[in-house]
Amino acid sequence: MAQKKDKTKEIKVPKVPHSKCDTAKENKTGSWRDQRPSIDLSKCIKCAQCALHCPDGAIEVDETGAHINYDYCKGCLICERICPVKCITHKKEEK
Amino acid sequence: MVKTLEGSHAIADMIVNCEADVLACYPITPSTHIAEKLQKYYADGKIPEYITVEQEFSAISALAGASATGARTFTTTSSQGVALMHEVLYAVAGMRLPIVMCVANRSLNSPLGIWCDHQDIIPERDSGWIILMCESNQEAVDTLPQAYKLAESLLLPVMVCIDGFYLTHAVEQIDVPSKEIVQKFLPKFKPEFKLDTNNPITLGIYSTPQYLQDFREDLANDVDNAREPIKKTEEEFSKIINRNYGNGLIENYKCDDAERIIIAMSSFCGNVKEAIDELRDKGEKVGLLRIKSYRPFPYKDVQEILKNKKHVGVFDRATTLGGHPPLYTDVLAAIYDSDQKVPISSFIGGLGGKDVTVETAKNIFEDLKENKIKRKFV
Ligand code: SF4
Ligand code: SF4
């Protein structure tokens, strides 16, 4: 995010609108979600298809299975569609 | 060193002397000879990088990327080429990329014409680019190093405009200041923000309503505040080369005691000066106010010079369809802002290469003898 201009300070160098890398992490887009996917880890075969297809990069797969980061998951349910063993299901998000 | 050169080639020579790093040009009449000569210089190893592109949108986009890495960049175009760049020109200014471009002014379709008028840059006047209108090839050559200095210190892109054919294809004696002279005047470009893999940032960002206006306000203020630097840069360089072109924003040609004044831009001003000299020999008090910096517009200088004048004629080489022509509008705005009242007439001419001669200028001065405000094509 660009810095808000401080009008009390004189700006010597003309300001270039830019943002530092990694700042997308600060926007917790999970708040937009209205469908909440969940993974049945007992059926998960750790193929990582869900993680590859998640448009938000919100899934990580480790030796215990696939895990959704709900801070960023927007609830598109692509993961549910893609899972070859149908171990992802969803219900309405309760806020 | 003074050499006999085509205007376009002199500009290409100056770009080499300014040590531009990355070029991307797509040929379009009448700017083509500039691009052609620069291609040759690239082939000869005098220019580090020349990106061949398939059209002007790509040319300016490629330069946006190059400029964002801290390279000194240049492109040239005309007419439809400027129009095709339109979207990116606004982006470049908003991203604060100091690209320098030479526009060889030409009419816009339709009808299709390849000759000079200023319609092509009118849609870009609100873009945030500094727009400098040159009367002669010598002035254009001398303005280019200043354009880089202004662009890189203010982080604003600069257009240096010359009249298509009248200047681009004129072969005349031109002094192209050497690389050594330019180096003394123009420091290396070292941007504070640039694309760098060791310190990654995103340029050309998205902005929420919370911040966007602040960025636009900064840009607007910086373009407005460019007037003083433009004057200073002109003063500084004119001392080195012993040539000057007014104060950088305007040129006052015999306006001080004049009663009738023409306000105009670019090469037609040469003919107006000729007409003034002839009319003054007959005792007529006439003068020319040449606008060099079209953006930022020199409102204050216009107000100063138009004090106590009897009648002013604004010559536009472009139209605003359904409204007053562009230069005329700016002059009206300048005068409305001051405490004086002077009749200001509008003359539109020279569209699509229609010749505007010494005679045209004399006829305008004749029209200005009457007190009645006129708005007409000449
Ligand atoms: S619902 Fe969409 S955003 Fe959420 S984890 Fe699945 S694929 Fe990613
Ligand atoms: S696609 Fe299904 S099975 Fe494969 S890792 Fe994801 S949740 Fe597990």
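Student: Where in chain A does pLDDT stay under 50?
Tutor: Over residues 8–14 of chain A. pLDDT is the predictor's confidence in each residue, from 0 to 100. The model has 8 contacts beyond four places in sequence for that stretch, a contact being heavy atoms within 4.5 Å. Where pLDDT is low, the predicted coordinates should not be read in detail.
Student: What should I know about the ground rules?
Tutor: This is a predicted model, where local features need pLDDT of at least 70, side-chain atom pairs count only at pLDDT 80 or more, and totals for chains, interfaces and linings use all residues. Residues are numbered from 1 along each chain as its sequence is written, chains are lettered from A and ligands numbered from 1 in the order in which they are written, and side-chain values use heavy atoms, with hydrogens and water left out.
Student: Okay, what does chain A average for pLDDT?
Tutor: It averages 86, and 85% of the residues score at least 70.
Student: And which elements does chain A have?
Tutor: 2 helices and 5 strands, in the order β-β-α-β-β-α-β. Those are DSSP runs numbered from the N terminus: helices are H or I with at least four residues, strands E with at least two.
Student: Which element has the lowest mean pLDDT?
Tutor: Strand β1 (residues 18–20) of chain A, at 81, while strand β4 (residues 65–68) of chain A has the highest, 98.
Student: Switching to chain B: why does E192(B) count as exposed?
Tutor: Because its relative accessibility is 55%, and exposed means over 50% (1.4 Å probe, protein chains only).

Conventions. Buried means under 20% relative accessible area, exposed over 50%, partly exposed in between (1.4 Å probe, protein chains only).
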